[in-house]
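Hello,

Here is the structure we talked about handing over. Please open it first, then read the notes below it.

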Amino acid sequence: MEDFARAVEDGLKLSKRLVLPGGLPPPRPPAGMERGPDAAAALLLPSAPMAYAVVSDPGSVDTPDVPSYQPYVYGRLDPPALIPLQMKEIDLAVDCALDVAAVTLRARWWLHCITRSRDCDVRLLVPMGEQGSILGAEVTIGKRSYNTQVIEVEDQSMENIGKADSGGLLKPHMFCLTIPQVEGGADILATVKWSQKLHYDNGRFSVDIPFRFPYYVNPLPKVFMKREKIQLTVNSGFSKEVLLQGTSHPLKEKARQGDKLSFLHEAIVESWSSKDFTFSYSVYSGNLSGGILVQPSTSQDSDDRDRFSIFLLPGSGNRKVFKKAVVFVVDTSGSMQGKPLENVKNAVSTALSELAQGDYFNIVTFNDELHSFSSCLENVNEKTIAGAIDWMNQNFVAEGGTDIMHPLSEAMALLSSVHDVLPQIFLMTDGSVDDEHDICKIMQTELISRGSKSPRISTFGLGVYCNHYFLRMLASIGKGHYDAALETGSVESRILKWFKKASNTVVANISIDAAKYLDDFEVDSEYIPDISAESPLCVSGKYRGKFPDTVIGKGNLADMTEISIELKVQHVTDMPLDNFLAAQQIALLTAKAWLSADKQLERKVMTLSIQHSVISEYTSMVALQTNLDAPQKVKQKQKGANEPLRIPLHGLKLGFGDKAATRENLLAGFGNEKPPETLKIFKKAGGCCSRVADCLCCMCCIKACNRMNDQCAIVMAQICTALSCLGCYECCAEVCCGGSES
């Protein structure tokens, strides 16, 4: 993100050419830019929805209405500068249900920095919250409109395809869309929708949305009225009281009906929000509780079965957590070199310190070889923890390849003889291997043979080269938890959150007796995972038949006694249950389709993806450009001439791993880091230029040139110039004609 920060810094400097009405000073780069590239990126990365003018020609920078008559600037900017645009209005709508928040943001910017006789591209950037997933965007500029649409992968071969660098994810959870050729002074009206996970902590749900606008996006107060509107609804899905815990912005309660609340904030503000929007609430539940939400299918559904969702809350009480035997299985292959492995080591050290007396642990590292901290499980105490940390400092060395099967088998063997504790495996890797299907099938067979005392397998993926669907499937088979970090800076924090969630089990071996009442009952995940004290449990699926009024859920507590939970069935009509569950359902079904290679299941995922506008591995997202006042032509001479322009959006999918990158131990598994590319013309020119340089740089040639008179030097310079021209002509001919003689 250093390049992005530098482009914004250049844009803020370029804004000094603007003479704003009222004599206001132009925006300036924030203090602290001299601290280094990381500090610059942190200061200039958008912390709220932003729009930028992409400026290649500095001569076009001027106020649209009042020319500043600045001196003309020659040349072009490469890469272009990014000037933050002023925002006129903002409207934020948040719908919270179960453990998901659906966010709709509407904003209006104006291109205040380009003269009306010129145009430039405009880039929209929208940072999303935790595990944010883009659902769609709509942008209107004058008579043009851009709408995102999820299409089948095969449809990308159609005509009217736009530029390939026009949008997608700039970084994880930051959506980007570039609109071409926007005239100076034009308004840009954008609507962006996404979903994100709610935070959960000790019975309290909270939503956190990036909403900190820098001061330089505030337009002049005497020219524009800044209207800010925030709407929020909460639908807990339970017949229990919802308690407001806190909010960052002044919200007024509009309505309350049982477990449904709505709030509103609407005002004319002096400046845009300088803090993130946060809202927290709790559902009164002193003990383990839950419910089942059911919703009938619609005519648009490809599956005519009805939808259900089982939602269980661990409660806010101090319920006893299972004692556990933990084996950390850590990838130390060559691709983990540097910060990734250092962050993993720090996270494992912290996780060890959070284990309690009576727990057991061991550490297994793997690359081409396998190394263990101990030959058996160790009791948790200060001495063994200190010894494990010293061992990690010496043995966490990134080298070699990746082999996952053998360390998993070693971990299973270590946990084969444990009693009265919950066995758990925590696998962390950044690579993809050839035998992933075999690993899943072997682990599934082994876990089934061990019954209710089988180890829980939780998986964590680092970067984009590992197969996240293999890891998700392995966690589903092992009744564990899956998580991932796609940025180096978030590895340590996400591992700790993942470990805390997976290791604080309060109820294990969950079963629901709904199947005996129904004709068909299918859960999206392979098995129902255990209930953690750190997160609610949400399990969805499809059914055919009629649910009874109540269903009984059963499980085992830490003292191995059985607990029964009465789950009330509620028929939902005023909440789009499918929309809130779509992202989770598509991810789980994609993992199933990957393992089974079932084409029918792939088609089902594709249909769900298109129906709910949630990107999947079998679909793609494009932005369709349409002209709102285009005349309808009766006859078209060219095929596809009346179709809207399709702008592909990239970086929205994880893929099924990169085995070639894993074998080569490539380090660029995070973000968009790629080795620099060499242009073809430079490759062509390199041969002749390097040969000339080799001849001219020898010592004999240098000594001869020192004894040369002026007339001879002029002749030699003219000859060298002629030869250079011929060499350049040859290079251009090879590039343009591919070396052919015709």
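**What I found**

Start with one serine. The side chain of Ser525 comes to 3.0 Å from the backbone oxygen of Tyr527. Keep in mind that this is a predicted model.

Where does Ser525 lie? Its place is the loop between strand 28 (518-523) and strand 29 (531-532). Is Ser525 buried or exposed? Residues under 20% relative accessible area count as buried. Ser525 has 12% relative accessibility, so it counts as buried. Beyond its neighbours within four places in sequence, Ser525 is in contact with Ser476, Val539, Leu588 and Lys592. The C-alpha atoms of Ser525 and Ala591 are 9.4 Å apart, and the two residues are separated by 66 residues along the chain.

**The chain overall**

The protein chain has 742 residues, and 51% of them count as buried. It holds 14 helices and 34 strands. Take the contacts with a separation of 6 or more: 78% of them join residues 24 or more positions apart.

**Helices 7 and 9**

Helix 7 (residues 468-477) packs against helix 9 (residues 577-596). The angle is about 100 degrees, and the axes are 9 Å apart. Helix 7 and helix 9 are therefore roughly perpendicular to each other. Helix 7 brings Tyr469, Phe470, Arg472 and Met473 to the meeting. Helix 9 brings Ala587, Leu588, Thr590, Ala591, Lys592, Trp594 and Leu595.

Helix 4 runs over residues 382-395. Its 14 residues reach 20 Å from the first C-alpha to the last, close to the 20 Å expected at 1.5 Å a residue. The N-terminal end of helix 4 is capped by Asn381. A side-chain oxygen of Asn381 lies 3.1 Å from the backbone nitrogen of Lys383.

Which residues of helix 4 are buried? They are Thr384, Ile385, Ala388, Trp391 and Met392. They cover an arc of only 120 degrees around the axis, so they sit on the same side of helix 4. Residues three or four places apart in an α-helix point the same way, because there are 3.6 residues a turn. On the other side of helix 4, Glu382, Lys383 and Gln394 are exposed. The cover over the buried residues of helix 4 includes helix 3 (339-353), strand 21 (360-366), strand 22 (370-372) and strand 23 (378-379).

Helix 3 has 15 residues. It reaches 21 Å from its first C-alpha to its last, close to the 21 Å expected at 1.5 Å a residue. Its buried residues are Pro340, Leu341, Asn343, Val344, Lys345, Ala347, Val348, Ser349, Ala351 and Leu352. What covers them includes strand 20 (324-331), strand 21, helix 4, strand 24 (422-429), strand 25 (456-462) and helix 8 (491-503).

How do helix 3 and helix 4 pack? Their angle is about 175 degrees, with the axes 10 Å apart. Helix 3 and helix 4 are therefore roughly antiparallel to each other. From helix 3, Lys345, Val348, Ser349 and Leu352 meet Ile385, Ala388, Ile389, Met392 and Asn393 in helix 4.

**Helices 5 and 6**

Helix 5 (residues 405-414) and helix 6 (residues 436-450) have axes that come within 11 Å and cross at roughly 10 degrees. That makes helix 5 roughly parallel to helix 6.

**Backbone points to check**

Most residues other than glycine have a negative phi, and most peptide bonds are trans.

- The peptide bond from Asp78 to Pro79 is cis, with omega near 5 degrees. Pro79 lies in the loop between strand 1 (50-55) and strand 2 (81-84).
- Gln131 is not a glycine, yet has a positive phi of about 55 degrees. It lies in the loop between strand 5 (119-127) and strand 6 (133-141). Its relative accessible area is 38%, so Gln131 is partly exposed.
- Gln181 also is not a glycine and has a positive phi, of about 50 degrees. Gln181 lies in strand 9 (residues 174-183). At 55% relative accessibility, it counts as exposed.

Best wishes

Note on methods: Residues are numbered from 1 along each chain as its sequence is written. This is a predicted model: local features need pLDDT of at least 70, side-chain atom pairs count only at pLDDT 80 or more; totals for chains, interfaces and linings use all residues. Side-chain values use heavy atoms; hydrogens and water are left out. Helices (H or I, at least four residues) and strands (E, at least two) are DSSP runs, numbered from the N terminus. The expected span of a helix is 1.5 Å times one less than its number of residues. Buried means under 20% relative accessible area, exposed over 50%, partly exposed in between (1.4 Å probe, protein chains only). The arc is that of the directions from the helix axis to the C-beta atoms. Contact means heavy atoms within 4.5 Å. A polar contact is a pair of N or O atoms within 3.5 Å; within protein, one must be able to donate a hydrogen and the other to accept it, and residues adjacent in sequence count only if both atoms are side-chain atoms. Axes are lines fitted to C-alpha atoms, for helices over the stretch in contact, and angles run from 0 to 180 degrees between N-to-C directions. Angles under 35 degrees count as roughly parallel, over 145 as roughly antiparallel, 65 to 115 as roughly perpendicular and the rest as oblique.
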